[in-house]
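Please read them with the model open.

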Amino acid sequence: MDCCICEFVLALAALALVSLLLLSVIAHVTATSMPNLHRHEEEKFFLNETGKKELFPSVHDPPSKELSVVVPSYNEESRLPVMMDEALEYLEKRQKQHNSFTYEVIVVDDGSTDQTTKVAQKYSKQFGSDKVRVLTLVKNRGKGGAIRMGVLSSTGKNILMADADGATKFADLEKLEAGLKDLQKPWPDNMAISCGSRAHLEKESVAQRSYVRSFLMYGFHFLVWFLCVRGIRDTQCGFKLFTREAALRLFTLLHIDRWAFDVELLHIAQHFSIPVAEIAVNWTEIDGSKLVPFWSWLQMGRDLLFIRLRYLTGAWKYESHQKEN
């Protein structure tokens, strides 16, 4: 009997090893070796407040503003105004209080089929294209891809990514800035990240979720910890602040364009020992999420495994000399 059990365990172990090797081969063979930094000709320009085309700046250039805010937006014509009103009210008030504070908001329309670009363009006309620019992507890239394009077009010393749904109070930017300052210096090549976190709300959110969604959430957290990122409880909050140097390094190496892109960003950051602060922020669940619970979690689980395997097998590199084109 004991012999049969041992044989069964060995068979399972062998099957698991063969499956892992097969997955490693699949992950390696199907990987696109370089991040997608390609920009269509139309995506190189924005419309200023008079309707004239101007060339977007580049993150490779020296910074000219204190803060860039990148807002990925896919079919957000109804939710975007609430977020923009709150953000611009805060930013304008801060600029009046501190003349040295300068900012820009880059709304990235990720191939929307609604009036997202038109809605965002109204703010550009109202505040001027020096403060609000709209980058309309030719086709949908995914949230990670949209943020990458916005980051590559930004001029700020610090770069904030903020969701279009306005789930996080924009004034919590000050918490993220304080988190950056509290990180022990010297930072490697002036690279540092401050991540908004909803981990402190987890007990409350679990109580409101179904057992299935709670199971999927805990399973995702375990896979993130086991495969990619240690020491950060909430990798997925869409409110993150990067120094310009960190954003340039990370987003030019980013391969994942969809939901699991945050995990790859933080995985790369930990590889380079970039300091990361995790800061509790106010957060409210807003109706209209684009995330479909089961299928999105399944896609993210696959992406997490492939992130690990592709870096382990060398299909993806931690260094790249590629520039956007």
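1. Start at Phe242. Beyond neighbours within four places in sequence, Phe242 is in contact (heavy atoms within 4.5 Å) with Lys157, Asn158, Ile159, Met161, Ala192, Ile193, Ala247, Leu250, Phe251 and Leu265.

2. A caveat on the source. This is a predicted model, where local features need pLDDT of at least 70, side-chain atom pairs count only at pLDDT 80 or more, and totals for chains, interfaces and linings use all residues. Residues are numbered from 1 along each chain as its sequence is written, and side-chain values use heavy atoms, without hydrogens and water.

3. Phe242 belongs to the largest nonpolar core, of 49 residues. Such a core joins buried Ala, Val, Leu, Ile, Met, Phe, Trp, Tyr and Cys through side-chain atoms within 4.5 Å; buried means under 20% relative accessible area, with a 1.4 Å probe and protein chains only. Ile193, Phe242, Leu250, Phe251 and Leu304 have the most contacts inside this core. Elements that each supply at least two residues include strand 7 (193–197), helix 8 (244–251) and helix 10 (293–312). Helix 9 gives the largest share, 6 residues.

4. Another core lies apart, with 35 residues, among them Val71, Leu91, Leu183 and Ala277.

5. Overall, the protein has 10 helices and 9 strands. These are DSSP runs (helices H or I, at least four residues; strands E, at least two), numbered from the N terminus. Of the 325 residues, 49% are buried.

6. Check Phe226, in helix 7 (residues 211–228). Phe226 counts as partly exposed because its relative accessibility is 48%, between the 20% limit for buried and the 50% limit for exposed.
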